[in-house]
Amino acid sequence: MVNGDVRFALTFHDTTKHSAWSIQASPHYLDWQNQPLPFKIYTSIDPVPLPRDADPTGISALSAIAEKDIQTGGEKIPALKDLARILFFSAGITKKRTYPGGEMYFRAASCTGALYAFELYLVCGDLADLKAGLYHFGPGDFSLRLLRQGDYRGMLAHATGGESRVAHAPVTIVCAGTYWRNSWKYRARTYRHFGWDNGTMLANMLAMTSALRLPAEVVCGFVDPEVNQLLDVDPEHEVAFSMVPIGHVSPGPPKASLDIPKLGLPTVPLSNHEVDYPEMREMHEASSLRTVEEVLEWRARAKARDYIEETRAPNVVAGFSPRDTIEQVILRRGSSRQFERQPITLEQLLTMLRAATQGIPADFLTPHGTQLNGLYLIVNAVDGLRPGAYVYDREAGDLHLLKEGQFRNEARYLGLQQDLPGDAAADVFFLADLEAILARFGNRGYRAVQLESGIIGGKLYLAAYAQHLGATGLTFFDDDVVKFFSPHAGGKSAIFLVALGKGRKVR
Ligand SMILES: Cc1cc2nc3c(=O)[nH]c(=O)nc-3n(C[C@H](O)[C@H](O)[C@H](O)COP(=O)(O)O)c2cc1C
């Protein structure tokens, strides 16, 4: 399987589409006795507790979300308390709820089915208060566990083809997805969720690094087997998906040997047994890069300036208010379970759209400001805007009417016949020219476009809660979404959906 053979991604996308018919034809019942554990628990390693008493950043959520990129001239080395804040506000437990069946832990970022398939690993050189090593982050006891002692940053630098931000980062966080934790409920569609769930987490992470004035970037191009080997994950079950180098030091890392031992550290089994969905593993294989040469070639293609439609950088730089801090907003965030059928204002809607689309620092989004997904909206109730279907123009920071009408029923239907998108004030559909993206990036473009949608979706969530509004990610009937927004969206593919509005308190 090679990255350039994009039939894999096209087939995977097609076969994991939802339609009114597919939902009926292929019902899925949850095996509650076999529900996977939401945590990866290493049983033989002592925890290194993370500090919980860091000062608030004082930075407003909206400005942290909208930050384009932190440039730094000099050294920027996070302290352990900074890493603790970044980890907590990206993947920490922010809420506990008790149900008759037990306790449920909700985390900083939204996540399909609250199944939390993503693990975070930290690769660092010697820091003032943390020795060099590979660590696993455990949200359950808010601790790190040292898996390998020593400086392995050189291995990541090698795996990313010498990517400058990785090579000069004192710390890199690697995000890895565990198939079964999500496929227990969502079967093969889990691979789409990998991009979404990793993306919402990265939206929080980028907002926190921005608030801490630490440079950070999302890196998608790396030699998969080398990174999986470093993490010592079994790629049949868990795979590295993205990484975020944080901070800057001038010297590059010490050269690392690529020949590192297997660890085979014991972890608590997730379930009694696991059900395999080979399509998602094949999709991952087909989008894997196997050599440094392949990574360099991929990154050169990612830098090409042609064929992606959404390359115009936004012109609108807003003075955002309100000024609730990023930490306050992340703690307040949750997915709306019901929306009031009440309008929001046009200013609130544009603030969310503008803050979320200022640009993401990522190795697949060059020149800076490039965006793979286009945003299409169904506006149900926004003061100052006629109800209808719209497309968002990033450059102008404004909405263009495609067709006027009250489309609450259509929104409800398109969002998998759930009430949430019908009741929301506005629904933001992400649509992308998948064929053009795959032509440019190969199958790995599938990871990139899903990941980007999750990051922008995560920013929309935060921008909504910053304004005391509500939001929820949603799934959708793929082809019907494209049909609804055609002819403008003709030829595109539906990637993601976020509903925005006034949330009603129900839990
Ligand atoms: C990508 C994505 C898709 C989601 N799809 C749905 C959905 O179709 N229906 C729904 O009710 N909630 C959906 N959610 C909301 C999740 O169920 C919610 O994030 C999860 O239960 C965690 O709760 P929290 O967001 O309140 O922390 C989605 C969330 C995400 C991130």
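Helix H4 (80–91) and H8 each supply at least two residues of the lining of the second largest cavity. Helices here are DSSP runs of H or I with at least four residues, strands are E runs of at least two, and both are numbered from the N terminus. This is a predicted model, so to speak of local features takes a pLDDT of at least 70, side-chain atom pairs count only at pLDDT 80 or more, and totals for chains, interfaces and linings use all residues. Residues are numbered from 1 along each chain as its sequence is written, and side-chain values use heavy atoms, with hydrogens and water left out.

Back to that cavity: its volume is about 80 Å³. On a 1 Å grid over the protein atoms alone, a cavity is a set of points where a 1.4 Å probe fits but cannot get out, a pocket is an open set with protein on both sides within 12 Å along at least five of seven lines, and lining residues have an atom within 4 Å of a point. Grid points are joined across faces, edges and corners, and a volume is the space filled by probe spheres set on the points. The residues lining the second largest cavity include Arg107, Cys111, Tyr116, Phe118 and Asp197. H8 has the largest share of this lining, at 3 residues. By class, the lining splits into 7 nonpolar, 3 polar and 2 charged residues (Ala, Val, Leu, Ile, Met, Phe, Trp, Tyr, Cys and Pro count as nonpolar, Asp, Glu, Lys and Arg as charged, and the others, Gly among them, as polar).

Searching the whole structure turns up 5 cavities of 30 Å³ or more. The largest cavity comes in at about 100 Å³, and of the 15 residues that line it, Glu67, Lys68, Leu206, Ser210 and Pro361 are the closest to its centre. Helix H3 (61–66) and helix H8 (190–211) are the elements that give two or more residues to this lining. H8 gives the most to the lining of the largest cavity, with 5 residues. The lining of the largest cavity divides into 9 nonpolar, 2 polar and 4 charged residues.

As for open space, the second largest pocket holds about 700 Å³. Its lining runs to 39 residues, with Val233, Asp234, Pro235, His237 and Glu238 nearest the centre. Among the elements that each supply at least two lining residues are strand E6 (143–149), helix H7 (179–186) and strand E8 (238–246). Helix H9 makes the largest contribution to this pocket's lining, 5 residues. The pocket lining has 17 nonpolar, 8 polar and 14 charged residues.

On to helix packing. The axes of H13 (residues 346–356) and H17 (residues 444–466) come within 8 Å and cross at roughly 140°; axes are lines fitted to C-alpha atoms, for helices over the stretch in contact, and angles run from 0 to 180 degrees between N-to-C directions. That makes H13 oblique to H17 (under 35 degrees counts as roughly parallel, over 145 as roughly antiparallel, 65 to 115 as roughly perpendicular and the rest as oblique). Met352, Leu353, Ala355 and Ala356 in H13 meet a set in H17 that includes Ile456, Lys459 and Leu460, where contact means heavy atoms within 4.5 Å.
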